[in-house]
Amino acid sequence: MVEATLPAVVPPFVPVVVAALLLPFVGRRVGHALGILATAAVVPYVLLVPEGAHLPTLLFGFDAVLFNVDAFSRLMGLIFGFIGAVAVLYSWASEAEAAQTAFALGYVGTSLGAVFGGDWLTLVFFWELMAVTSTLLVWHYGGRAVRAAFRYALLHGVGGTLLLGAVVWHYAEVGSVLFADATGMAGVVAPVLAAIGIGVNVGFVGLHAWLPDTYPRPHVAASVFLCVFTTKTGVYGMYRVFPEGQLAIAYMGGLMALFGAGMALLQNDMRRLLSYHIQSQVGYMVAGVGIGTALATAGAFGHVFNHILYKSLLFMTVGVVIYRTGEESLKKVGGLGRKMPLTAVTFTVAALSIAGFPGFNGFVSKTMVISAAHKEHIDVLWYLLLAGGVGTFLSFIKLGYYAFYHGEYDGEVRDANLGQSVAMVTVAGLCVVYGVAPGALYAIVPGSFKFTAFTTGHLIEGVALAATGVVGFVLLKSPLSLVGRVPDIDSLYNPLTFYATRAVVFVTTETFAATDRLVVRASRGVVAAVSDPGRAVGDLVGTDRVDLEADIGTSVLLVTAALALALVLVL
């Protein structure tokens, strides 16, 4: 391990968090400029820091590493820093409040802290801060976002608690929380707890409903941040738990890919559709981590990198549509490609990228994961990933068709403004660059592997998935137009949680009130008995009053009897 040089001892989250703290006080324009500089500076910084640089410290009395650089953390830092800068620019252009962008920068900073930590305790510490900052980012918008943020916080609180429990079990097995002292999570219990805890963040099927519930609620610029950091930090955490793979995790990834794409196809709320596709695309990453080979792991992290590009671009393009029209539903927009050509073109680039069409970045990394499954003869997983690819084409043909080509939007509308355009065109350009020059992606993904994206077989597979998607949309277009809001599992557990919580609160408060009444009544009785013992005895025996006055002889007799009784009890 290389000792950290002087520039390396400052973790990259520090300037980002400082910018977050300063932003509300320096003015909106200056604050956003500061945020862009702080996040953009992360990119050259993590490129220049030597691999193996680290910053040992103590955290809560345990040996910890606050800053650790390897191939995985470097890739995460590169894309987090770049997209953080783009998202701040987009926020400024989309009229986001300074406080909102401050929360967003706090979210970026804590995510950087999580992926550059060199031990489990540091990762969990920043993991929980991520949950807090992202909750505030949603909550700040008000309205429907408040309840969504509350549910989001609850679920991520549960997930973080499970992950912390896994760290405790791991420490009991190893005696250390440092990544360098063990390969993944040790023992039997710790990996299971960690998989479930991190499964909340990545959107395991059944633990995923917070995603489509939360991401459509806040300001459109907030959604650009939200779609990037939580789920991808989760993929990074899953790799740290299972660096050599775990087949059960791989199969869950396949289910996520198919389920997310299927649910997305049924949505009419544009951001809800995109949110389900976060689950679907993260499924490919989780599958790659679960397969565990060099090619699969490289494909998983290549897909992390690519997904952050095209998914943030999708949320930006859809955000511009909402920003200009005020409409969230596909049923209330249409034909916008003629009025918003730049937004339509950049959306098309992002849609082809996420669907994995040859020539766009998603094709390269998605094919790496699918090929890894095929090479390892995990056939069921292979079919799940292919089916998820068809569902992705179907979903984005639907979204693009109804938003930009079909029908006519009633009302005046303008295209993206200058700041939004710069952000979208920059990211769209990278989606194409990494699609036509896959070597640029291979150079930054971790691991040693051999892979050629542009083989005849891979190209035929990519085109076949696209063709199947087109034919499928033609056949399903009419029935899909009749679909309303489709319930998910949260339609069951949200009311159950609400009423169960209400019942607990009711029982607790009523028990407290009953206890309070009993104590008050008993206290009043004691006061009454002391102040007027004759009446108290009379009430006890059923008369108005008992005369308790006695002569000196009777008093002596009573005291003697009491002392004798006490002596008998003692002896």
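1. Salt bridges first: the count comes to six in this predicted model. One of them pairs aspartate 70 with arginine 240, at 2.7 Å from N to O. Aspartate 70 and arginine 240 are both buried.

2. Aspartate 213 is buried at 5% relative accessible area, while arginine 151, at 23%, counts as partly exposed.

3. Aspartate 213 also meets arginine 217 in a salt bridge, 3.4 Å from N to O. Arginine 217 is buried, as is aspartate 213. Through shared partners, Arg151, Asp213 and Arg217 end up in one network.

4. On to the nonpolar side. The largest nonpolar core holds 172 residues, and Phe80, Phe225, Met316, Leu385, Phe396 and Leu399 touch the most other members. Helix α13 (residues 294-325) gives this core its largest share, 18 residues. Leaving aside neighbours within four places in sequence, phenylalanine 225 has contacts that include Gly84, Val88, Tyr107 and Leu137.

5. Helix α16 (residues 379-405) checks out on length: its 27 residues should span 39 Å at 1.5 Å a residue, and the end C-alpha atoms are 38 Å apart, which agrees. The helix is mostly covered, with 20 of its 27 residues buried. After α16 comes glycine 407, with a positive phi near 80°.

Notes
Residues numbered from 1 in each chain as written. Predicted model: local features only at pLDDT ≥ 70, side-chain atom pairs only at ≥ 80, totals over all residues. Heavy atoms only, no water. Helix = DSSP H or I, 4+ residues; strand = E, 2+ residues; numbered from the N terminus. Expected span 1.5 Å × (residues − 1). Buried < 20%, exposed > 50% of the residue type's maximum accessible area, 1.4 Å probe, protein only. Core = buried A, V, L, I, M, F, W, Y, C linked by side-chain atoms within 4.5 Å. Contact = heavy atoms within 4.5 Å. Salt bridge = Lys/Arg side-chain N within 4 Å of Asp/Glu carboxyl O.
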